[in-house]
Amino acid sequence: MIAYNLEDALKFPDTVTSLVLYRRSLQTWPDELFRLTKLRHLELDQCGITHLDERLKDLPLTSLKLPNNAIVSLPDWLGENRLLQHLDLRTNRIKGWPAGTQPPGLITVTLADNRLRQLPEELMTQVESLDVSRNPLTECRWPAALPNLHEVHLDRSPVAANRFLDCHATALTRLTLTRSRLEHLPVDFFSRVPALTQLDLSGNLLTVFPEPGRAADLPCERLQLAKNKLTRLPQEWGALRKLRKLDLAGNMLHDLPRSMGQLVHLTQVNLAGNPIVTLPDEWASLPDLNQLDIRKTRIASIPLQPWNRLEKFAIHDTPLSAREDILRSLPIRIHVTGKKSTTLSSGSISLSRFRNQAIREGWSLAHQERIWQLAQGDPVNRKNPPALAELCDLWSLGLPGVRERIVQMTPGRKITKGDRLRIFGRTWLPKEALRIRAEQSGICLTKADDTTANQILLGSPNGALSMLDTSRQTWWTESTLLARLPACSPPRAARPDNEDQMRSLLRSGLPAYHMIAMQSFFDHGIPIGLLGEILLIVRENRLPGLQKKWPELITLFGPAEWTVDCLQPKKADLENTPDLAKRWNISDEALAHWTNLSRPS
């Protein structure tokens, strides 16, 4: 059982196993905390802790997290806690770790953002994960062999990072040596870390990257070399054929070796900010390449075929961005960003947006050609004006003036200025959420493109074309529509008896747990017992970090009348928010909790 405040934990001292406190002013360790005899996980974040209480060794803790406090030193009795496996003391004021005081079962240690100058050798050889980023570590001496270490993070620690390169870590899988002024790597670097799967060397001074060697079984899958001074790359890349993500942004590379075409598992490549002129032809044949970033390079052309899996292609500030002839020949599935619209008229749309819309709607090639001509204002359209269905497709592309033509061609009630449904002082609703809610009821919607009106065209089911059936269409306001549409079904089956846990998450002072509750609502729907409480939270802005997410959640999964009550404008003369919440069965205890809570600024 998890508790997010000490008062709730003390109600169940024999069942609470995790306690998380955030931004609590604890001048001393509260005696009540040590009554939680089953406590296995303790997290005190930004609580003003200055030391570790010796009574902690009597608790069966396996995880102790005390980040963002003011701890200066570690006690000698820390090694007596034989159950402790995970220790997080990042962002404190610790200057040293006494030798021989590490718990015997310790696996994970996080000491980032402290004042450490050295670490005991026993600690480095025992733990599996070690994060000592942003510590001076000027006196740190690494053992020659680190057989147990699986993960190391060193950021802005130049002395310790350079010395680490001399170690042999045969079990190491993740290594981060960022912003540590590294100028070179050992020639036999990969033989020292044969199990490495993720390597991050960003923000250093490397000019050359060592040859991976001729072995074909290196497991490295992610390589980050951004913001170095690399001028060339190894000619042989066969040993890294398992590589999936490669980041070379912000270097000084002029060309790329053709052997990189052997990296058949590459999915993401970032070459931004390099003076590269061309891409090897072999890159177009990489079977899994999904994202390619060549921003701020000198690339003016690329291989045209086949680009089997490419979907995202960034070309900002490159000569290629003005090559409309090349970009038109790319597969239609590729989303190109950064393309200059020099060859298109002012009223046209971008080619990338047109392609994406065509894929979503499933347009045939003939229909794509017809819509593209209409979007470009082709003169042949004077003899062959667009049909109503084609106008709907043009409107979906966002072309100006199309909405007026649709209204002229479809009889119906005239759009007049009406009261808009206001949400938190703004006049908008999540369009996609509203569309999904309507489609689940078999209704097609389109919204009037007019800032002075808030009418929605309500059409018949089964497709956008029947939406304009003159015998079935009507115009509704958003508030009327929401009051009549049933809520969407959550994507996952509802979990039983989760209201208390969600209520505890919402009342915790930790924004991360607020987001956990929000994600649970999106996955499993809104619990009936929390309707009144959520209405009060939304209308009184009690959780500012979630305020932008409530409209989408409520529009999708809120019961009809409750949805309107949550999102309608405040009517102070008619009823206040507490009365509205009581209508939805908010408990007196919940009303008192949120009413007494200080309103966020």
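Which residues of helix 16 are buried? They are Ala-560, Trp-562, Thr-563, Val-564, Asp-565, Cys-566 and Leu-567. Please keep in mind that this is a predicted model. Helix 16 spans residues 560–567, and seven of its eight residues are buried, so the helix is largely enclosed by the rest of the structure.

**Helix packing**

One partner of helix 16 is helix 15 (residues 550–557), and the two pack with their axes 9 Å apart at an angle of about 160°. Angles over 145 degrees count as roughly antiparallel, and that is why helix 15 is described as roughly antiparallel to helix 16. Their crossing is left-handed. Helix 15 brings Pro-551, Ile-554 and Thr-555 to the contact, while helix 16 brings Trp-562, Thr-563, Cys-566 and Leu-567. Sorted by class, the contact of helix 15 with helix 16 holds five nonpolar and two polar residues, with no charged ones.

Now for another helix pair. Helix 12 (residues 499–507) packs with helix 13 (residues 511–524) at an angle of about 140°, their axes being 7 Å apart. This angle makes helix 12 oblique to helix 13. The crossing of helix 12 and helix 13 is left-handed. From helix 12, the contact uses Met-502, Leu-505 and Leu-506; from helix 13, it uses Tyr-513, His-514, Ile-516, Ala-517, Ser-520 and Phe-521. Seven nonpolar and two polar residues make up the contact of helix 12 with helix 13, and no charged residue takes part.

**Aromatic pairs**

Searching the whole structure turns up eight aromatic pairs. Two of them are set out here.

| Pair | Centre to centre | Angle between planes | Class |
|---|---|---|---|
| Trp-142 and Phe-164 | 5.1 Å | 80° | edge-to-face |
| Phe-354 and Trp-363 | 6.0 Å | 55° | tilted |

With its ring planes at 80°, the Trp-142 and Phe-164 pair is edge-to-face, because planes over 60 degrees apart fall in that class.

Elsewhere, ring pairs join Phe-189, Phe-190 and Phe-209 into a cluster.

Technical notes. Residues are numbered from 1 along each chain as its sequence is written. This is a predicted model: local features need pLDDT of at least 70, side-chain atom pairs count only at pLDDT 80 or more; totals for chains, interfaces and linings use all residues. Side-chain values use heavy atoms; hydrogens and water are left out. Rings of Phe, Tyr and Trp (its six-membered ring) pair if their centres lie within 6.5 Å; planes under 30 degrees apart count as stacked, over 60 as edge-to-face and the rest as tilted. Axes are lines fitted to C-alpha atoms, for helices over the stretch in contact, and angles run from 0 to 180 degrees between N-to-C directions. Helices (H or I, at least four residues) and strands (E, at least two) are DSSP runs, numbered from the N terminus. Angles under 35 degrees count as roughly parallel, over 145 as roughly antiparallel, 65 to 115 as roughly perpendicular and the rest as oblique. A crossing is left-handed if the near helix is turned anticlockwise from the far one by less than a right angle, and right-handed if clockwise. Contact means heavy atoms within 4.5 Å. Ala, Val, Leu, Ile, Met, Phe, Trp, Tyr, Cys and Pro count as nonpolar, Asp, Glu, Lys and Arg as charged, and the others, Gly among them, as polar. Buried means under 20% relative accessible area, exposed over 50%, partly exposed in between (1.4 Å probe, protein chains only).
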